[in-house]
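Subject: The two-chain model, and what turned up in it

Hi,

Here is the model I promised you. Have a look at it first, then read on for my notes.

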Amino acid sequence: MPTEPIRILLADDDEDDRLFFKEAFDEIKINTKVSLVNDGVELMNYLLDKGNQLPHILFLDLNMPRKTGIDCLLEIKQLAFLKDIAIAIYSTSASDMDIEETFVQGANVYIKKPSDFNTLKKILEQVITINWQYQTSGLNRDNYLLSL
Amino acid sequence: MQIQYTYLGFAEIEIGDALSSEGMNELNTNLNSYGIEIVETQKSILVQKIKDTIIEMVNMEERLTTSNSAYLSEKLKQRYGYLSLVFTEVTYTSIENFILLQKTERAKQLISTNELTFTEIAYMLNYSSVAYFSNQFKSITGITPSAFQRIINKRREMSKTNE
């Protein structure tokens with residue numbers, strides 16, 4: 001694993017979910033730096049602010065007020081300088097068709113929010129490990145699709 | 001010290017004869033007096049070789065006749081147990097996992113060309129049946145090979161209409 005921390009950004013309007021997410025990463029033994037934003041508008045401001053380092057991977061909740069996760073996904077995919085960020089949809093369970101649709105729109109990972117903390121930790125660790133392989137092992141990012 | 005070496009370019013040399021650990025220590029001390037430090041990267045070099053060999057193995061046109069471990073062991077002239085230990089130490093993942101990941105990547109690449117059937121792909125990648133292939137693909141990516149193919153094809157159509 002890298003010596004430089006893996007930069008992680010979560011956009012989620014639910015305070016409890018943000019807390020669990022942060023705690024999970026505190027307990028995972030991988031060097032990460034987690035940043036949090038509260039909704040889609042904040043997310044886009046964060047990404048467009050040149051003062052912020054871009055995340056390696058963005059976790060995106062779908063149901064957010066002001067600007068939904070899908071709206072953010074579509075905007076991000078239109079902006080060339082954001083194209084290298086891996087996008088993980090982090091949402092409550094959806095139908096296979098909905099999941100497929102987010103992949104078609106450019107998401108790389110789809111995570112159904114698990115109900116217990118240990119499962120969450122395991123899933124997040126798995127995503128970061130695989131993401132690291134895509135960052136370093138020269139895998140084709142166009143084929144980076146993962147559903148958990 | 002009399003050491004034969006070849007200059008390999010930026011900050012890298014290859015030493016002609018293997019050095020004893022005393023020799024290595026002496027070289028290190030001598031170089032230190034010039035402010036030069038030897039970076040021990042033997043393990044990461046071995047890991048890179050393992051990765052390269054796995055990628056080569058997975059991308060071969062013909063089916064493998066030996067086991068993965070026997071193939072790696074023979075190609076790299078090291079016991080598999082040792083290779084496996086070093087690999088896990090450096091990458092935090094196992095050789096088996098890395099092979100599985102690379103095989104899945106190869107499968108994705110073959111699926112996305114739309115030229116082969118899943119049965120043909122399963123055969124090429126040494127799977128005993130197409131069902132086993134589909135199951136493993138699903139267990140690693142969370143999506144079926146058919147769903148993967150649909151998504152990739154839809155993305156292509158979208159980028160075509162956007163142009």
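Before we get to partners in a sheet, one definition: two strands count as paired if DSSP finds at least two bridges between them. Helices (H or I, at least four residues) and strands (E, at least two) are DSSP runs, numbered from the N terminus. This is a predicted model, so to speak of local features we need pLDDT of at least 70, side-chain atom pairs count only at pLDDT 80 or more, and totals for chains, interfaces and linings use all residues. Residues are numbered from 1 along each chain as its sequence is written, while chains are lettered from A and ligands numbered from 1 in the order in which they are written.

Let's start with chain A. In β3(A), Leu58(A) is the bridge partner of Leu9(A). The strands behind that pair are β1(A) and β3 (residues 57-60) of chain A, which run parallel and are joined by four bridges. β1 (residues 6-11) of chain A also pairs with β2 (residues 32-37) of chain A, again in the parallel sense, over six bridges. There, Leu10(A) sits opposite Leu36(A).

Next, the cores. A residue is buried if 20 or more other C-beta atoms lie within 10 Å of its own, exposed if 12 or fewer, and partly exposed in between, with C-beta atoms placed from the backbone. A nonpolar core is a set of buried Ala, Val, Leu, Ile, Met, Phe, Trp, Tyr and Cys residues joined through C-beta atoms within 7 Å. The largest one has 51 residues, and those touching the most other members include Ala11(A), Phe59(A) and Val109(A). α5(A) gives the most to this core, with six residues. A second, separate core has ten residues, among them Val47(B) and Phe87(B).

Where do the chains meet? 14 residues of chain A are in contact with 18 residues of chain B, contact meaning that two C-beta atoms, placed from the backbone, lie within 7 Å. On the side of chain A that touches chain B, α4(A) gives the largest share, three residues.

Now chain B. Of its 163 residues, 18% count as buried.

Most residues other than glycine have a negative phi. Lys77(B), though not a glycine, has a positive phi of about 55°. Lys77(B) is in the loop between α3 (68-76) and α4 (80-91) of chain B, and is exposed, with 6 other C-beta atoms within 10 Å. Asn126(B) is not a glycine either, and has a positive phi of about 70°. Asn126(B) lies in the loop between α6 (118-124) and α7 (130-141) of chain B, and counts as partly exposed, with 15 C-beta neighbours inside 10 Å.

Cheers
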